[in-house]
Amino acid sequence: MNLESKFIVQNVAENRALGEEIITLVRAGWTRFLAEDPVSWPLWPEILAEFPDFHFALLEPETKQLMAAGMTVPLAWDGELSELLDRGWHWVLRQSLDDRRHGRKVHTLSAANAVVHPNFRGYGLAEQIVFQMKRIAETHGFRRYIAPLRPTQKEKYPLTPIERYAQWTRKDGMPFDPWLRVQKRLGAEIIGCARNSIWIDAPLAQWETWTGLVFPDSGEYILPGGAVPMVADRKTGRGVYVAPSIWIAHKLS
């Protein structure tokens, strides 16, 4: 079966209304504190407006229902690995806009979001998202395509350091994490880990709203959907969540 015949690819430049649909799908698929992340979410309107050619949806041909979506951004990053290791997803979003504002020449495409609608999981659409991202990179003449991956199963192992988790494999030698396996099958390699990929600092009252938990004492708390514990400080009344990513890179033809 030719999977590509089962969907239509359309980008936001072709259909501006897709932007809001993509964001709605992302919000529905993420745990609440990530869906309301005060760092990333204020940036999405500008990112959608500045890079409409780089965000796309896979649509069901007859109903035009959103089956899956991907968001990418261009970067002026020149390939120096050490620059990535203390940076991650939040940096990608901010840096792409900063590069655009300052007119820097971009060399690299980075993934920013990837999501499959619950009704269409199990049909190989995650692979198609990655394929379309690589196609965007090649079409625009980028030197490289990278991604700060948020491993999908890391939330089940919040106490395991990301460096160890990234090296876990199954009996067949493939990565333990499903999202990392998708990338590996399509030619990606792990190039490093970023411990400070997502940094959310918010009042404990907000964390209680997001998670449904209470935080009576200062200390670490394991959150539903959290890749690492959140650190609560009763003196300041704030909680800080600093989550990692696994940096991967794809070879381009």
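Okay, let's start with R104, which is partly exposed at a relative accessible area of 36% (buried is under 20%, exposed over 50%, partly exposed in between, using a 1.4 Å probe on protein chains only). Before I go on: this is a predicted model, with local features needing pLDDT of at least 70 and side-chain atom pairs counted only at pLDDT 80 or more, while totals for chains, interfaces and linings use all residues. Residues are numbered from 1 along each chain as its sequence is written, and side-chain values use heavy atoms, with hydrogens and water left out.

So, who does R104 pair with? That's D98, in a salt bridge with the closest N and O atoms 2.7 Å apart (a Lys or Arg side-chain nitrogen within 4 Å of an Asp or Glu carboxyl oxygen). D98 is partly exposed too, at 23% relative accessible area.

How many salt bridges turn up in the whole structure? The search finds 9. Another of them joins R170 to D172, at 2.6 Å from N to O, and R170 comes out partly exposed, with a relative accessible area of 36%. Then there's E36 with R32, where the closest N and O atoms are 3.0 Å apart. E36 has 31% relative accessibility, so it counts as partly exposed, and R32, at 40%, is partly exposed as well.

The largest pocket has a volume of about 970 Å³. Points join across faces, edges and corners, and volume is the space filled by probe spheres set on them.

What sits nearest the pocket's centre? A114, V115, V116, T152 and W179 do, out of 36 lining residues. Two or more lining residues each come from β4 (108–116), α5 (125–139), β5 (144–149) and α7 (178–185) (DSSP runs numbered from the N terminus: helices H or I of at least four residues, strands E of at least two). β4 gives the largest share, 6 residues.

The largest cavity has a volume of about 40 Å³, and its lining is L34, R150, P151, E155, G225, A227 and Y241.

Notes. 1 Å grid on protein atoms, 1.4 Å probe; cavity = no way out; pocket = protein on both sides within 12 Å on 5 of 7 lines; lining within 4 Å.
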